Amino acid sequence: MAALLRSRCSSVGRTLMGSAGNNLFGAVNSSVESATRPSHCDAISQQIRTFIQMRTNLKVVDNSGAKRVMCIQSLRGKKGARLGDMIIGSVKEAQPRGKVKKGDVVYGVVVRAAMKKGRSDGSEVQFDDNAIVLVNNKGELIGTRVFGPVPHELRRKKHLKILALAEHIV
Amino acid sequence: MRLEKCWFCSSTIYPGHGIQFVRNDAKIFRFCRSKCHKNFKMKRNPRKVKWTKAYRRLHGKDMTQDATFEFERKRNRPERYDRNVVEQTLKAIPLITKIRHDHLKKHIADRHKPGKLKEMQKDSKELEQDQHTHILPKKFNSNEPSAEKTKVKVKVVQQQTQDNYMEE
């Protein structure tokens with residue numbers, strides 16, 4: 001809700017005349033911004049913005065039960081995986097009674113990457129963290145939910161199920 | 001095709017330009033160029049950075065209230081294509097731009113007004129106070145010598161032009 005309000009305010013502030021009411025909105029906007037910003041900026045500073053390669057730790061953003069996965073093999077490219085690519089990983093942290101357990105070797109799709117990736121129109125997109133959704137070796141999802149934003153590039157990679165389950169598509 | 005606004009400097013981002021950063025709460029920050037992206041990474045507030053639109057609006061440097069800004073608005077529902085509407089819009093665009101530029105000129109002139117008035121008052125006051133110390137141009141002192149001088153000047157000029165013609 002707050003995010004929605006904020007985005008609306010900012011768009012109004014950008015495009016329309018800044019009346020007194022708009023200034024008021026703007027003030028709210030900036031205060032919210034300053035309150036929420038440090039968290040993601042810290043995340044950036046911690047996150048290494050390179051390819052997802054062997055020993056990269058990724059956050060698992062589905063309800064398969066795994067919390068953290070370490071990449072052990074990229075299934076694409078010499079340098080490593082990028083946004084939308086498949087990797088093989090080993091589960092390092094897992095919740096009890098989940099579908100996967102610690103030490104399992106799993107397949108996954110990189111749904112968010114801190115390294116910027118070019119889009120089809122020439123602009124670039126960059127995320128806060130490195131995140132993964134676990135799939136089996138045929139590309140079917142292990143979990144039943146996907147959290148956080150995912151890029152629309154997954155459509156080209158034929159991961160339509162992830163897009164259907166995602167909260168936000170960027 | 002959609003023209004976005006830069007989160008930092010509020011300039012228009014044309015397709016294929018800039019970078020967008022997606023925060024984990026799915027808020028998208030779009031930047032027109034690396035300058036704006038870097039400033040964002042440095043956690044600068046656009047309202048405190050002087051070259052941004054936000055600062056200029058906030059401090060009354062730019063025109064903020066104008067009817068022409070109403071036309072430039074974000075619409076989330078796509079307009080149905082209508083040939084006549086498109087034609088009229090295309091006709092209206094230069095007109096609206098012209099009106100906006102005129103308003104902008106007026107805005108700037110109005111902003112300069114008090115300063116200019118103050119400067120004039122200051123100058124006239126100075127002139128009044130120490131008139132005796134200033135060396136005034138000759139035409140203020142007496143008319144006759146200046147008139148003679150101009151006459152001489154005209155003669156010289158005429159001679160020169162005649163010479164030039166001869167040479168040619």
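This is a predicted model: local features need pLDDT of at least 70, side-chain atom pairs count only at pLDDT 80 or more; totals for chains, interfaces and linings use all residues.
**Exercise 1.** State which residues A:H159 is in contact with, leaving aside its neighbours within four places in sequence.

*Solution.* Contact is taken as heavy atoms within 4.5 Å, and with those neighbours left aside A:H159 is in contact with A:G84, A:M86, A:V109 and A:L154. Residues are numbered from 1 along each chain as its sequence is written, chains are lettered from A and ligands numbered from 1 in the order in which they are written, and side-chain values use heavy atoms, with hydrogens and water left out.

**Exercise 2.** Decide whether A:H159 is buried or exposed.

*Solution.* Buried means under 20% relative accessible area, exposed over 50%, and partly exposed in between, with a 1.4 Å probe and protein chains only. With a relative accessible area of 10%, A:H159 is therefore buried.

**Exercise 3.** Describe the aromatic pair that B:F21 forms with B:F40.

*Solution.* Rings of Phe, Tyr and Trp (its six-membered ring) pair if their centres lie within 6.5 Å, and planes under 30 degrees apart count as stacked, over 60 as edge-to-face and the rest as tilted. Over all chains the structure holds nine aromatic pairs. The pair of B:F21 and B:F40 is tilted, at 6.0 Å centre to centre and 50° between the planes. B:F29 also forms a tilted pair with B:F40, at 5.0 Å and 35°.
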